Amino acid sequence: MSEIHAETVAFARDTMMPPAPPPRRETGAVRWMRENLFSGPLNIILTILAAWLLWLALRDLLPWAWRGIWQAGSASECRAIRDQLYGEGVPAACWAVVRARWRQLLFGFYPADGLWRPLLALGLFLVAVLPVLFSGAPRRLLWLSAAAPFVIVWLLWGGSLWGPVAAALGFVVGWAIWAAVARRGNAGLALLLGLGAALAWWFLLARPVAAGLASVAPLALVPVESRAFGGFTLSLVIGLAGICLSLPLGVLLALARRSELFFISKVAVAYIEVIRGVPLIVWLLVAQVVLNYFLPRGTNFDILLRVIIMVTLFSSAYIAEVIRGGLAALPSGQYEAADALGLGYWQATRLIVLPQALKISIPGIVNSFIGLFKDTTLVSIISLFDPMRISSTIRATTEWGGIYWELYVFVALVFFAFCFAMSRYSIWLERRLERSHR
């Protein structure tokens, strides 16, 4: 009986077993490869095919780039060093052209003694957008965000400091008038008076005030013409200005197109369809040539300013359609909830409608921004020296004639770095907003 009883009584452990590591097949890179690359017969075939195509693409490119020559004064010297090191005819990149002409590729013809100015302007811009892009950044930086556009313009173009200061004061005057009138409850009148006060300041008082301040404290930098801008400095100035200006204008156009007011809606529709129906390169030609026929004789309208305006107007039409899609995707219950809460149009738009529409539209907005930044290379058609035209200019010299791929690879890598950063920020923002609404 004791033997039978011993075999039928279950064993109960009175101590915990020590933790054991999971199987190696279920952790780390091995698990990722099993789940993503070799999860089934079709996935295995596609993985092998992709690896083969990647090998075909890189088997010549990587050795060519790795055998690059960094120290040379010309293309012929590059070839001589290549023949000495690797043998005649062996493919090797001549990276010496990037080393010799990096300043021209990055800054164009900007004065050599003032290269600190575009670098400082870029750093100031990156700091100024921190509180706009990241909610965890100090809110006090918003004052820097408001002042940064005027400081950046002064740093890049130079001249008297008091010109940008006088322009900034116009916004301050307009805001003060708007705030004073809006407290009395008349929002429409406040907007009109604020806008009128700002325009009156800019057209009547800004220039005399700037001249008076300059006579008292002559703070100025050496002026730089827009024709001196080139390379990636030119692309960044046009791209970042177009991105920052086209987003608010696109939001207004999207709201105007969905407006119930007939005139406002039709004007917005006509503007968006006309702008989107014509290629950007045509609008750039309009900015360079046709616009001069409509300006008073002797008017000197800066070419770079014209390009920024045209790029902004062009991009805002596409942004408006992207945001309109986000507005259309909102369920009607959101609008009904705003009405039930007694919110007015602008309150409902600012607090309920726009935040959700912009969240839905993030991928499309960032896609438009990336396209806008890459389209800055089109300004070469109007004789501005973007990175691609700078590359063509370098290749036309006697020292670097015959150099092609090295310059193109460098330009492509820099564009990829900026566009990839925008794409990753878009993905991070989408995931963060999804978590915040769960």
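**Helix contacts, a pocket and selected loop residues**

In the predicted model, R82 is found in helix α5, which spans residues 75–86. The relative accessibility of R82 is 18%, so the residue counts as buried, the cut-off being under 20%. When neighbours within four places in sequence are left aside, the contacts of R82 are I69, G87, G89, V90 and A92.

The loop between α4 (61–66) and α5 contains Q71. In contrast to the buried R82, Q71 counts as exposed because its relative accessibility is 52%, and exposure is assigned over 50%. The C-alpha atom of Q71 is separated by 48 Å from that of G250, a residue 179 places away along the chain.

After α6 comes G108, which has a positive phi, near 65°.

Helix α6 (residues 96–107) also packs against helix α12 (residues 231–257), and the two axes come within 2 Å and cross at roughly 20°. This crossing makes α6 roughly parallel to α12, because angles under 35 degrees fall in that class. On the α6 side the contact is formed by Q104, L105, L106 and F107, and on the α12 side by G231, F232 and T233. By class, the contact of α6 with α12 comprises four nonpolar and three polar residues, with no charged residues.

The largest contribution comes from α17, with four residues. Classified by residue type, the lining of the second largest pocket has nine nonpolar residues, together with three polar and three charged ones.

Two further loop residues were examined, S383 and T398. S383 is found in the loop between α17 and α18 (387–395). Most residues other than glycine have a negative phi. S383 is not a glycine, yet its phi is positive, at about 70°. With a relative accessibility of 33%, S383 counts as partly exposed.

T398 is found in the loop between α18 and α19 (405–436). At 78% relative accessibility, T398 counts as exposed. The C-alpha atoms of T398 and S76 are separated by 9.8 Å, although the two residues are 322 residues apart along the chain.

Notes
Residues are numbered from 1 along each chain as its sequence is written. This is a predicted model: local features need pLDDT of at least 70, side-chain atom pairs count only at pLDDT 80 or more; totals for chains, interfaces and linings use all residues. Side-chain values use heavy atoms; hydrogens and water are left out. Axes are lines fitted to C-alpha atoms, for helices over the stretch in contact, and angles run from 0 to 180 degrees between N-to-C directions. Angles under 35 degrees count as roughly parallel, over 145 as roughly antiparallel, 65 to 115 as roughly perpendicular and the rest as oblique. Contact means heavy atoms within 4.5 Å. Ala, Val, Leu, Ile, Met, Phe, Trp, Tyr, Cys and Pro count as nonpolar, Asp, Glu, Lys and Arg as charged, and the others, Gly among them, as polar. Buried means under 20% relative accessible area, exposed over 50%, partly exposed in between (1.4 Å probe, protein chains only).
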